[in-house]
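Colleague: I'm new to this one. Please walk me through the structure.

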Amino acid sequence: MHLNELIERTRSQMPAKRWQHTLGVVETSVKLAEQFGADPRKAEIAAVLHDYCKFWPVDKQLRILRDNPELPQDLPEYDNALLHSHVGAWIARHELGIDDEEVLDAIRWHTSGRVGMTALDKVVCLADYIEPNRDFPGVEKMRELARHSMERALIAGFDSTISFLLQKGKKIYPLTVMSRNALIGELE
Ligand code: DGI
Ligand code: FE
Ligand code: FE
Ligand code: FE
């Protein structure tokens with residue numbers, strides 16, 4: 001599928017506001033890729049597709065998870081917001097013809113991160129936090145850190161997500177904590 005078709009298909013899956021967020025993630029991902037040595041064309045495709053399933057009914061996302069044992073079956077124990085990245089990577093491969101494993105990984109791990117994030121994983125996960133339409137306490141600090149270090153910016157991002165979940169009394173997906181620890185390890 002050509003990029004223009006992927007763009008139109010993706011746009012049709014979500015409300016206008018989420019599409020604006022996606023465009024922001026594309027713009028920021030391409031810049032971060034150029035600066036930090038990831039492939040900007042892969043960054044663009046992964047960014048276009050990263051929230052493909054975000055607005056699908058949870059039931060539909062759960063059905064795809066359950067039908068595919070290779071996907072992490074413990075996700076439903078945690079927040080439903082964790083589903084769309086894994087389901088999105090599955091749809092990208094099986095319905096949108098994406099076969100580039102690096103692009104699929106960047107989609108798959110954009111919410112939680114993972115231990116041993118690639119440069120492309122970092123680009124999309126970080127762009128998701130700091131694209132121009134985002135506004136949350138701490139986003140300016142993250143943009144500042146991202147001028148020199150994707151790792152430092154992402155640690156701040158996971159810190160803020162983890163604090164938010166703690167404040168709400170919600171479960172934390174263990175991989176989010178492991179991703180944060182691994183990034184701190186990369187700095188040492
Ligand atoms: O899809 P987006 O809103 O653009 O961003 P995302 O894919 O990073 O999703 C972030 C949401 O997921 C945010 O509202 C927090 C929520 N969430 C719930 N539990 C967890 C979690 N995020 C992480 N990283 N880890 C969790 O355990
Ligand atoms: Fe997302
Ligand atoms: Fe994110
Ligand atoms: Fe997003």
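Modeller: One term to begin with. Helices (H or I, at least four residues) and strands (E, at least two) are DSSP runs, and they are numbered from the N terminus. Residues are numbered from 1 along each chain as its sequence is written, while chains are lettered from A and ligands numbered from 1 in the order in which they are written. This is a predicted model: local features need pLDDT of at least 70, side-chain atom pairs count only at pLDDT 80 or more, and totals for chains, interfaces and linings use all residues.

Colleague: How many helices and strands does the protein chain have?

Modeller: Ten helices and zero strands. Along the sequence the pattern reads α-α-α-α-α-α-α-α-α-α.

Colleague: What radius of gyration does the chain have, and what would a compact globule have?

Modeller: The protein chain has 15 Å. A compact globule of 188 residues would have one near 16 Å, so the two agree. The radius is taken over C-alpha atoms, and the globule rule is 2.2 Å times the number of residues to the power 0.38. Along its principal axes, the C-alpha trace spans about 40 × 35 × 30 Å.

Colleague: What share of the residues is buried?

Modeller: 37% of the 188 residues. Buried means 20 or more other C-beta atoms within 10 Å of the residue's own; exposed means 12 or fewer, and partly exposed is in between, with C-beta atoms placed from the backbone.

Colleague: And what about the largest nonpolar core?

Modeller: That core has 44 residues. Ala-46, Val-123, Val-124 and Leu-126 have the most contacts inside it. At least two core residues come from each of helix H2 (16-36), H3, H5, H6, H7, helix H8 (139-146) and helix H9 (150-167). H7 gives the largest share, eight residues. A nonpolar core is a set of buried Ala, Val, Leu, Ile, Met, Phe, Trp, Tyr and Cys residues joined through C-beta atoms within 7 Å.

Colleague: What is Val-124 in contact with?

Modeller: Leaving aside neighbours within four places in sequence, Val-124 is in contact with Ser-29, Ala-43, Ala-46, Ala-47, His-50, Ala-106 and His-110. Two residues are in contact if their C-beta atoms, placed from the backbone, lie within 7 Å. Across the chain, take contacts between residues at least 6 apart in sequence: 59% join residues at least 24 apart.

Colleague: Where does Ala-127 lie?

Modeller: In helix H7, residues 119-130. Ala-127 counts as buried because 28 C-beta neighbours fall inside 10 Å. Beyond neighbours within four places in sequence, its contacts are Val-25, Thr-28, Ser-29, Leu-32 and Ala-47. Leu-154 is 27 residues away along the chain, with 9.7 Å between the C-alpha atoms of Leu-154 and Ala-127.

Colleague: Which residues of helix H6 are buried?

Modeller: In H6 (residues 101-108), Val-103, Ala-106, Ile-107 and Arg-108 are buried. The buried residues of H6 pack against helix H3 (40-49), helix H5 (83-94) and H7.

Colleague: Now Leu-49: what does that one touch?

Modeller: Leu-6, Thr-10, Gly-88, Ala-92 and Ile-107, not counting residues up to four places away in sequence. Leu-49 sits in helix H3. Leu-49 counts as buried because it has 27 C-beta neighbours inside 10 Å.

Colleague: And Asp-39, where does that lie?

Modeller: In the loop between H2 and H3. Asp-39 has 17 C-beta neighbours inside 10 Å, so it counts as partly exposed. Ala-33 and Leu-120 are its contacts, leaving aside neighbours within four places in sequence.

Colleague: How many other C-beta atoms does Arg-93 have within 10 Å?

Modeller: 17, so Arg-93 is partly exposed. Arg-93 lies in helix H5. Ile-98, Asp-99 and Leu-104 touch Arg-93, not counting residues up to four places away in sequence. Leu-104 is eleven residues from Arg-93 in sequence and 7.3 Å away in space, C-alpha to C-alpha.

Colleague: Change of topic. Which residues come nearest to ligand 1?

Modeller: Of the 16 residues around ligand 1, Asp-79, Ala-81, Thr-111, Tyr-173 and Thr-176. A residue is near a molecule or strand if its C-beta atom, placed from the backbone, lies within 6 Å of it.

Colleague: How does that shell divide into nonpolar, polar and charged?

Modeller: Six nonpolar, six polar and four charged. Ala, Val, Leu, Ile, Met, Phe, Trp, Tyr, Cys and Pro count as nonpolar, Asp, Glu, Lys and Arg as charged, and the others, Gly among them, as polar.

Colleague: What does UniProt list for residues 18-133?

Modeller: The unreviewed entry gives "domain: HD" there. Positions follow the numbering used here, feature names are shortened, and annotations may be inferred rather than shown by experiment. In the model, residues 18-133 are 61% helix and 0% strand, and the end C-alpha atoms are 10 Å apart.
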